[in-house]
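This report walks through one structure, site by site. It covers the ligand site, the pockets and a few individual residues.

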Amino acid sequence: MNDTALVLTDICKTYNAGKRNEVQVLRDASLQVARGEVVALVAPSGAGKSTLLHIAGLLDTPDTGSVMIDDADMTRLGDRTRTAARRGQIGFVYQFHHLLPEFSALENVVLPQLANAVAPRMAEERARDLLERVGVAPRADHRPAALSGGEQQRVAFCRALANAPSLLLADEPTGNLDPATSDQVFAALMTLVRETGLSALIATHNLALARRMDRIVHLQDGEIRAA
Ligand code: ADP
Ligand code: MG
């Protein structure tokens, strides 16, 4: 047992390998996130932030290199173990909320817990508590379409944290919001992360937000560089 939540080692990823449109996105990218640490991943559009986060979140596989989460090697898991790890250990937030449109805010936070075999009453209690903490409890019964962009992202944070993961991965979580809303929503996310002692890797190209995290790393020419 050591004190790292995420260890990416020498990750390589090439799209369309061997074809004319081959793109080598990651070249020996390595990164560690300590337990309880919040790291900003800063790079311009197209640099490979989403690719790196998807690999860390077990949504995609690297060509070579390894992914360790909570000291376990996740690189070549079978589908079932991979799905279980994704559901229980990792919370993922996208730039667009990706909430289920036909369900309420509350249900969107309850459903991942039911998929993880949590009893319905406990799942609802936890969902209400999370929504309360980010200030959207009064909107719990509304569907995503009836919520503002900032509220939608707050609900998406709650959904990501529903199963009490140890690692939060967020891909430009406020990239779709106006600056003032972005600031408030980011503050709500940081409060949740700090209260739960989560480790997080958060991609952004907003340097002001990045500076509010514990550490900044850059993704440049497919490699991770210290700020
Ligand atoms: P970022 O999130 O930093 O904007 P991405 O990880 O989305 O960067 O993309 C990095 C590069 O990889 C870009 O050039 C993009 O066009 C390319 N890319 C991403 N996904 C695919 C894919 N599925 N197939 C081919 N190329 C891709
Ligand atoms: Mg991206």
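## Basis and conventions

Helices (H or I, at least four residues) and strands (E, at least two) are DSSP runs, numbered from the N terminus. This is a predicted model, in which local features need pLDDT of at least 70, side-chain atom pairs count only at pLDDT 80 or more, and totals for chains, interfaces and linings use all residues. Residues are numbered from 1 along each chain as its sequence is written, chains are lettered from A and ligands numbered from 1 in the order in which they are written, and side-chain values use heavy atoms, with hydrogens and water left out.

Asn163 sits in the loop between α5 and β7 (167-171). Asn163 counts as buried because its relative accessible area is 13%; the cut-offs are under 20% for buried and over 50% for exposed, with partly exposed in between (1.4 Å probe, protein chains only).

A polar atom of the Asn163 side chain lies 3.4 Å from the backbone oxygen of Arg87. A polar contact is a pair of N or O atoms within 3.5 Å; within protein, one must be able to donate a hydrogen and the other to accept it, and residues adjacent in sequence count only if both atoms are side-chain atoms.

## The ligand site

Which residues are around ligand 1? They are Tyr15, Asn16, Val25, Pro44, Ser45, Gly46, Ala47, Gly48, Lys49, Ser50 and Thr51. Each has a heavy atom within 4 Å of the ligand. Helix α1 (residues 49-56) gives the largest share of this shell, three residues. By class, the shell has four nonpolar, six polar and one charged residue. Here Ala, Val, Leu, Ile, Met, Phe, Trp, Tyr, Cys and Pro count as nonpolar, Asp, Glu, Lys and Arg as charged, and the others, Gly among them, as polar.

For a backbone N or O atom of Lys49, the distance is 2.9 Å. Taken alone, ligand 1 exposes 560 Å², and the protein buries 61% of that. Accessible areas come from the Shrake-Rupley method with a 1.4 Å probe; for residues, only the protein chains shown count as cover.

## The largest pocket

The largest pocket has a volume of about 520 Å³. A pocket is found on a 1 Å grid over the protein atoms alone, as an open set of points where a 1.4 Å probe fits, with protein on both sides within 12 Å along at least five of seven lines; lining residues have an atom within 4 Å of a point. Grid points are joined across faces, edges and corners, and a volume is the space filled by probe spheres set on the points.

Of its 17 lining residues, Arg86, Arg87, Phe92, Pro112 and Arg159 are closest to the centre. Two or more lining residues come from each of α2 (79-89), β6 (90-93), α3 (105-115) and α5 (149-161). The largest share, four residues, comes from α3. The lining divides into 10 nonpolar, four polar and three charged residues.

## The second largest pocket

The second largest pocket has a volume of about 170 Å³. It is lined by 13 residues, with Thr174, Gly175, Ser182, Asn206 and Leu209 nearest its centre. α6 (179-196) and α7 (207-210) each supply at least two lining residues. α6 gives the most, with three. The classes are four nonpolar, six polar and three charged.

## Positive phi

Most residues other than glycine have a negative phi. Asp10, in strand β1 (residues 4-15), has a positive phi of about 50 degrees. Asp10 counts as partly exposed because its relative accessibility is 37%.

His98 lies in the loop between β6 and α3. Its phi is also positive, near 55 degrees. At 49% relative accessibility, His98 counts as partly exposed.

Ala188 is in helix α6. Ala188 is buried, at 11% relative accessibility. The C-alpha atoms of Ala188 and Val134 are 5.6 Å apart, although 54 residues separate them along the chain.

Asp221 lies in the loop between β9 (215-220) and β10 (223-226). At 55% relative accessibility, Asp221 is exposed. Asp221 and Ala47 are 174 residues apart in sequence, yet 7.4 Å apart in space, C-alpha to C-alpha. Ala47 is also one of the residues around ligand 1.
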